[in-house]
Amino acid sequence: MAILSAVATEVFIPVAAVIGIAFAVVQWVLVSRVKLSPAAASAGGGKNGYGDYLIEEEEGLNDHNVVVKCAEIQKAISEGATSFLFTEYQYVGIFMSIFAVVIFLFLGSVEGFSTKSQPCTYSKGKYCKPALFTALFSTVSFLLGAITSLVSGFLGMKIATYANARTTLEARKGVGKAFITAFRSGAVMGFLLASSGLVVLYITINVFKLYYGDDWEGLFESITGYGLGGSSMALFGRVGGGIYTKAADVGADLVGKVERNIPEDDPRNPAVIADNVGDNVGDIAGMGSDLFGSYAESSCAALVVASISSFGIDHDFTGMCYPLLVSSVGIIVCLITTLFATDFFEVKAVKEIEPALKKQLIISTVLMTVGIAVISWLALPAKFTIYNFGTQKDVSNWGLFFCVAIGLWAGLIIGFVTEYYTSNAYSPVQDVADSCRTGAATNVIFGLALGYKSVIIPIFAIAVSIYVSFSIAAMYGIAVAALGMLSTIATGLAIDAYGPISDNAGGIAEMAGMSHRIRERTDALDAAGNTTAAIGKGFAIGSAALVSLALFGAFVSRAGVTVVDVLSPKVFIGLIVGAMLPYWFSAMTMKSVGSAALKMVEEVRRQFNTIPGLMEGTAKPDYATCVKISTDASIKEMIPPGALVMLTPLIVGTLFGVETLSGVLAGALVSGAQIAISASNTGGAWDNAKKYIEAGASEHARTLGPKGSDCHKAAVIGDTIGDPLKDTSGPSLNILIKLMAVESLVFAPFFATQGGILFKYL
């Protein structure tokens, strides 16, 4: 037996989640101390720099106006983001209700809607609850997952729009103060999301247990709906938000920077508010839902496999909750890690920003390794068995420790490789910047090559972790390896949300007309944020590959397929079609961004040409029209890619059966992971090559600049092409891989009994 008792487990998981939520609230209170009203902003003394003299005062600028302006801009961004999300959620709500009915009908029909107990699939000689009730509970958990996903995305956006102007105002006191404000706000989102995801899942399991009693097989099968709900909302959040943000960004850059030669985030640019709103709905609300989805799914995949292993058969509650215990330890570890950035060490200079963020990754990984070792020793029996395609495999507790740890460290490796390829401190991005000497074409060629090359090491890291964890603990090993990669999700999200917040802060500084010294500080925060956003995307893609493989394993086990034979034509046609899906999906999302950007460019040009005094700065642009163009385009355009992902498994499973569907899932996983990594790294590299030229920090960079030179214009074109790659197609692909797998798992009982209509009658 395990050392940790079932009662201790029942206490530890919710307590860890509550601590995480409390920590998020404390960070939020600290951020809210920065005041957005002129009187409060200049008064007050004491620690945390409230009494620090302001640079603005030396330069004799009127402090009062700047604060008022920042508050106005922040309000506009916040209102734009809120109204977009509400519009999006109305459409998503309709989809949610329809899909909930589909889940109920499909799963209920497995036993012909009978309410009699059925013989269990795995525990021979026992009776399990009727399929009709599993259908009902799966539908409920789907709705719970969806709502949690939407709420976590929405709260993240609210926090980010609350913190952006506060970061700008803190930048007047120094780069360290601004960094802490942006980082703390990121931490609020990270901890809220990790804790709420854990606590909702935990409560759901305990409530469902009241009905299921000893039938753990049915209980954890119905819990898989939670992962499906989380990810399907993430898909719409990512695609809708990604189209929104990039339509505005491309429109603003092409007309503003390239045609009109005005700086980025210039208040004269009509698309500038839409651009800043986009950062919040795409990078924050979308990213939050995305990682929440991964987290929910890897937990669900591990729980499904565990329920048919010795944990489930012997009703060992502590062993069963091992995935949740790992996440609970993760919250505590991330809490300690966050204090290193905000309280133990202070960032004083620009060059300390990126190392401070990198230290977060390293500290959390090292501490988490210790945490996993302790929890594996406490929560797992010394020896147990894991279900492995029809047989039970003997595993030891230190074996599972290795599985989780290898996922955790693979995540760190992927993070650092991504950083090497996307940060302008290293040669790959500098080479891309250098290639701008000969124009945009060479810049594009170099950028694409960099993206393709950046796939190599992450794929090897994923491959090694798959091989090792599968050898140790079969499919359960892969599921907990994915959980290991996501166990430090609170820190990962804090670093990730920090990026868009500092990006917005820079935009607000420019629009409020602050001095160039402050803009330099926010630019430094933003450049570090760009790299960390790329690291975050690397994590998301790496974990998506592991999660979907674990879900694939759970699906194959649940559908009763013992071997997937690549040589059988049924499987092979699935493979080749599955490998095509990420391209089809990317084509849809890229084209959506292109057509939305077209409308935006036309509108921005129209305003520059028809509003007298706009270029001189005497007249105000019409921001609202641009916000409306982005909103309408993204809502309309998110539906076809969403439908492609959601309908594929249903159609393939129903018409062609589980073998072809397993081929489709494998094909999509294999090709999707590559495209996703290369797309997001190419885009990140082009963006930072442009920033490298703009900052002019080194001798080499100064020979390419200044802003407005031919080199710089070539870099802006590269950056504009990279925008939909890194913020729409790339990040949405990891949801495509996971979502198809989790959906197949939820519908597995239906496909196994009723699927494959075409092959039955042909």
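Cysteine 300 counts as buried, at 1% relative accessibility, where buried means under 20% relative accessible area with a 1.4 Å probe and protein chains only, exposed means over 50%, and partly exposed lies in between. The model is predicted, with local features requiring pLDDT of at least 70 and side-chain atom pairs counted only at pLDDT 80 or more, while totals for chains, interfaces and linings use all residues. Residues are numbered from 1 along each chain as its sequence is written, and side-chain values use heavy atoms, with hydrogens and water left out.

The structure holds zero disulfides, a disulfide being a pair of cysteine sulfur atoms within 2.5 Å. For cysteine 300, the closest cysteine sulfur belongs to cysteine 321 and lies 13 Å away, too far for a bond. Cysteine 711 is likewise in no disulfide, with the sulfur of cysteine 436 nearest at 6.1 Å. Cysteine 711 is buried too, with a relative accessible area of 11%.

Grid points are joined across faces, edges and corners, and a volume is the space filled by probe spheres set on the points. The largest pocket holds about 1,000 Å³. Its lining has 40 residues, with Asp523, Ala524, Ala527, Lys691 and Ala695 nearest the centre. Two or more lining residues come from each of α12 (353-379), α18 (516-559), α21 (639-695) and α22 (699-704), helices being DSSP runs of H or I with at least four residues, numbered from the N terminus. The largest share of this lining, nine residues, belongs to α18. By class, the pocket lining has 15 nonpolar, 11 polar and 14 charged residues; Ala, Val, Leu, Ile, Met, Phe, Trp, Tyr, Cys and Pro count as nonpolar, Asp, Glu, Lys and Arg as charged, and the others, Gly among them, as polar.

Of its 31 lining residues, Asp503, Asn530, Asp687, Lys726 and Asp727 are closest to the centre. Here α18 gives the most, with seven residues, and the lining comprises three nonpolar, nine polar and 19 charged residues. The second largest cavity, of about 170 Å³, is lined by 17 residues, 11 nonpolar, five polar and one charged. Again α18 supplies the largest share, six residues.

What length does α18 reach from its first C-alpha to its last? The 44 residues of α18 reach 62 Å, close to the 64 Å expected at 1.5 Å a residue, a span taken as 1.5 Å times one less than the number of residues. Of these 44 residues, 40 are buried. Just after α18, glycine 560 takes a positive phi of about 75°.

Most residues other than glycine have a negative phi. Aspartate 265, however, has a positive phi near 60°; this buried residue, at 7% relative accessibility, sits in the loop between α7 (216-259) and α8 (272-307). Alanine 474 has a positive phi of about 50°, and is found in helix α16 (residues 456-486).

Conventions:
On a 1 Å grid over the protein atoms alone, a cavity is a set of points where a 1.4 Å probe fits but cannot get out, and a pocket is an open set with protein on both sides within 12 Å along at least five of seven lines; lining residues have an atom within 4 Å of a point.
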